[in-house]
Amino acid sequence: MSSPPRTARKSPLAVVIAGVLLLAAVIAAFWVPLYARSTPKLGAFPFFYWYQLILVPVVAIVSWLAYLLLRSDSSAVAADQPAPPAAPHAAAPGTEDGPGAAR
Amino acid sequence: MTHVNAVSLTVLIILFAIVTAVGFAAARWRRAEEMLHLNEWGLAGRGFGSVITWFLLGGDLYTAYTFIAVPALVYATGAAGFFALSYTVMVFPIVFVFAPRLWSVARTHNYVTPADFVRGRYGSRGLSLAVAATGILATMPYIALQLVGIQAVLTVLGLSGSSNGFVRDLPLLLAFAILAGYTFLAGLRAPALTAFIKDTLIYVMVIVAILYIPTRLGGWSHIFGTASTHLAKTNPVTGKPFGAFIPVSAGEWAYATLALGSALALFMYPHAVTGVLASRSRNVIRRNMAVLPAYSLVLGLVALLGYMALASPAVVAGVKAAGKNAQLSVPLLFENMFPSWFAGVGYAAIVIGALVPAAIMSIAAANLFTRNIYVEFFKPDADSRHQTRVSQWVSLLVKAGALAFVFWLPKAFSINLQLLGGIWILQTFPAIVVGLYTRWLHRWALVIGWAAAMIYGTVLAYQQPTAGEPGTHFGASTASIIGHTMYIAVAALVINVVVSVVLTAVFNAVRLPAGADETAPGNYVTDAVPSVRRVPVPGAAAAGGAGPAGATGATGAGGAAASET
């Protein structure tokens with residue numbers, strides 16, 4: 001996820017790590033030769049089948065890590081106490097990234 | 001299949017009646033001051049938290065596609081059908097990256113549809129029209145797939161045995177009439193609330209099926225063994241093996257491009273965008289991308305039902321008797337493996353699992369038409385009440401369009417309906433997703449790139465015959481392209497991007513006006529509450545788009561927030 005300079009609340013390192021994690025998850029599913037084979041088996045399941053099924057929770061964990069890395073504090077508050085009608089912003093369109101800038 | 005199983009049918013009808021009642025009651029859920037507002041009817045006040053967003057997104061992403069089309073493909077071709085699992089593994093990391101940007105800019109500028117964003121970003125009514133029209137067109141075959149799924153259940157139930165055309169389709173039309181009714185009245189609230197019931201049914205059904213059916217069929221070893229033996233046999237129709245148990249190297253390109261193309265396309269669909277925009281914050285979206293894979297797991301397990309069906313001689317005989325309609329494999333499996341009452345639960349899960357997404361899809365397509373075609377080109381002064389009325393009626397028309405796809409396209413593999421929609425919708429990817437990051441691409445270059453890709457993709461799809469039936473059309477969504485069999489959507493996307501990039505360079509060189517961009521860089525990363533900003537569409541903001549909508553979210557979200565933390 002890009003982090004435009006205007007909101008400097010996430011460290012570039014966190015963004016890079018999250019990006020690499022997510023990219024790895026996509027490649028693990030996209031690169032078919034990696035898993036198009038029948039061995040090693042897991043129980044009765046050929047590799048091709050159990051690999052993809054196990055990939056699902058792995059990708060979920062990866063996405064959760066990325067979420068933790070990129071979570072923004074200001075919206076963590078906003079998520080629990082939604083939408084106090086923000087009078088200060090209403091008058092000034094274009095300052096929507098105010099909370100980030102204030103930090 | 002000529003006699004009707006009364007117990008299964010009764011269970012199905014009772015569960016269906018409950019969902020219908022909840023759907024109608026949904027009109028009163030989180031009651032808004034002004035229901036006849038597109039923010040309300042179409043986005044339910046934009047205040048959905050993590051839990052509801054999860055059910056809503058899951059509700060519209062996992063559909064008859066999951067329960068009928070994918071197992072049918074696995075049943076008939078084996079490993080190739082598992083591309084759907086690979087696709088749902090990839091989709092969430094991809095969406096994780098760009099969806100928060102779309103949410104932010106949409107919240108800031110009060111965009112309800114992807115075409116709204118494109119219009120604001122590129123200052124181009126033409127490009128916006130292209131995106132809107134593509135969204136409506138691509139949604140229709142996807143809804144058609146839901147109809148085919150319902151039809152499969154009704155056929156196995158014995159309701160579609162009549163040879164009389166109208167009587168045969170009566171149950172289907174009836175189910176859709178009920179769906180249309182509650183969608184019409186309650187808007188997005190209906191499917192969001194019924195999604196809870198739908199998902200509960202689906203999880204129960206899948207867990208029971210995965211644990212119980214293998215014990216009836218001699219265990220997983222026997223299931224996989226039967227499948228791999230059958231798939232290696234030669235199909236007398238095509239002279240080639242039926243399928244492959246493990247993808248062969250020639251099939252890897254098709255597998256990977258089908259998965260990637262589907263993953264990139266999914267969140268271009270207007271209904272998926274609706275689910276994202278109806279959520280409350282960027283964090284809600286990201287959190288959901290981490291928990292939505294629970295549905296992918298369901299999809300993977302349901303795909304295995306295709307192999308279970310192959311291992312059951314009764315199901316194989318039933319599919320053959322119905323003209324080799326592989327779509328019947330899962331309903332037939334339920335009929336043969338479960339006691340009647342639980343088969344009814346399974347049927348209900350499939351039918352409701354098809355109806356809920358169909359409702360969401362038709363609402364989203366209707367919003368697109370109203371905002372980006374009707375108001376934009378025909379009646380700029382329509383007030384919000386008028387707009388909502390138009391959306392309600394168009395949602396009916398979209399469903400009628402879907403019926404046309406059911407009747408006119410080959411249904412040997414209903415998954416092709418979804419893949420055909422994917423070919424079209426993916427061509428809006430450059431305008432929307434690239435547009436979220438950069439304004440470099442020129443609006444007219446994007447229009448021409450889109451047009452070239454749409455024509456190429458449609459013509460190529462038209463030329464593909466159904467396997468073993470030369471001369472038929474729209475029979476497959478993959479084609480042989482530069483020596484590899486691959487998903488047409490991906491090839492068309494490459495053409496789209498190349499044309500757009502080259503023409504952008506040309507148009508910039510000759511200084512063709514690029515159009516105004518009403519968004520600012522900060523709009524794409526903000527979590528802030530939207531400023532009340534008048535958008536060009538009168539009524540959308542005038543009736544108090546941001547204000548009351550935010551207030552509704554605040555009152556309704558109290559309960560949701562409490563339950564999720």
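**A kinked helix in a predicted two-chain model**

Helix H17 of chain B has a kink of about 30°, centred on B:Thr370. The bend at a residue is the angle between axes fitted to the seven residues ending there and the seven starting there. Helices here are DSSP runs of H or I with at least four residues, strands are runs of E with at least two, and both are numbered from the N terminus.

The model is predicted, so local features need pLDDT of at least 70 and side-chain atom pairs count only at pLDDT 80 or more, while totals for chains, interfaces and linings use all residues. Residues are numbered from 1 along each chain as its sequence is written, and chains are lettered from A and ligands numbered from 1 in the order in which they are written.

Stay with H17(B). It covers residues 340–378. The expected span of a helix is 1.5 Å times one less than its number of residues. Buried means 20 or more other C-beta atoms within 10 Å of the residue's own; exposed means 12 or fewer; partly exposed is in between; the C-beta atoms are placed from the backbone.

Now widen the view to chain B. Its secondary structure comes to 23 helices and two strands. The chain has 565 residues, and 62% of them are buried. Two residues are in contact if their C-beta atoms, placed from the backbone, lie within 7 Å. Among contacts in chain B with a separation of 6 or more, 82% join residues 24 or more positions apart.

What touches the most other members in the largest nonpolar core? The residues are B:Val70, B:Met90, B:Ala144, B:Ala259, B:Met308, B:Ala348 and B:Val351, out of 211 in that core. H17(B) gives the most to this core, with 23 residues. A nonpolar core is a set of buried Ala, Val, Leu, Ile, Met, Phe, Trp, Tyr and Cys residues joined through C-beta atoms within 7 Å. Take B:Val70 from that list. Beyond four places in sequence, B:Val70 touches B:Tyr65, B:Gly81, B:Ala84, B:Leu299, B:Val302, B:Ala303 and B:Ile415.

Next comes H14(B), residues 293–310. Its 18 residues should span 26 Å, and its end C-alpha atoms are 27 Å apart, which agrees. Of these 18 residues, 15 are buried.

Helix H7 of chain B, residues 125–157, holds B:Gly149. B:Gly149 counts as buried because it has 29 C-beta neighbours inside 10 Å. Leaving aside neighbours within four places in sequence, its contacts are B:Ala64, B:Phe67, B:Ile68, B:Ile350 and B:Ala354. B:Ala400 is 251 residues from B:Gly149 in sequence, and their C-alpha atoms are 16 Å apart.

H18(B) spans residues 384–408. An α-helix has 3.6 residues a turn, so residues three or four places apart point the same way.

S1(B), residues 478–481, and S2(B), residues 484–487, run antiparallel and are joined by four bridges. Strands pair if DSSP finds at least two bridges between them. B:Thr478 stands opposite B:Tyr487, and B:Ile481 has B:His484 as its bridge partner. Two residues lie between the strands, and B:Ile482 takes a positive phi near 35° there. B:Ile482 is exposed because it has 6 C-beta neighbours inside 10 Å.

B:Arg511 sits in the loop between H22 (488–509) and H23 (546–564) of chain B. With 7 other C-beta atoms within 10 Å, B:Arg511 is exposed. Most residues other than glycine have a negative phi, and most peptide bonds are trans.

Chain A has five helices and zero strands. Of its 103 residues, 30% count as buried. Residues 24 or more positions apart account for 52% of its contacts with a separation of 6 or more. Where is the cis peptide bond? The bond from A:Thr39 to A:Pro40 is cis, with omega near -5°. A:Pro40 lies in the loop between H1 (12–30) and H2 (47–70) of chain A.
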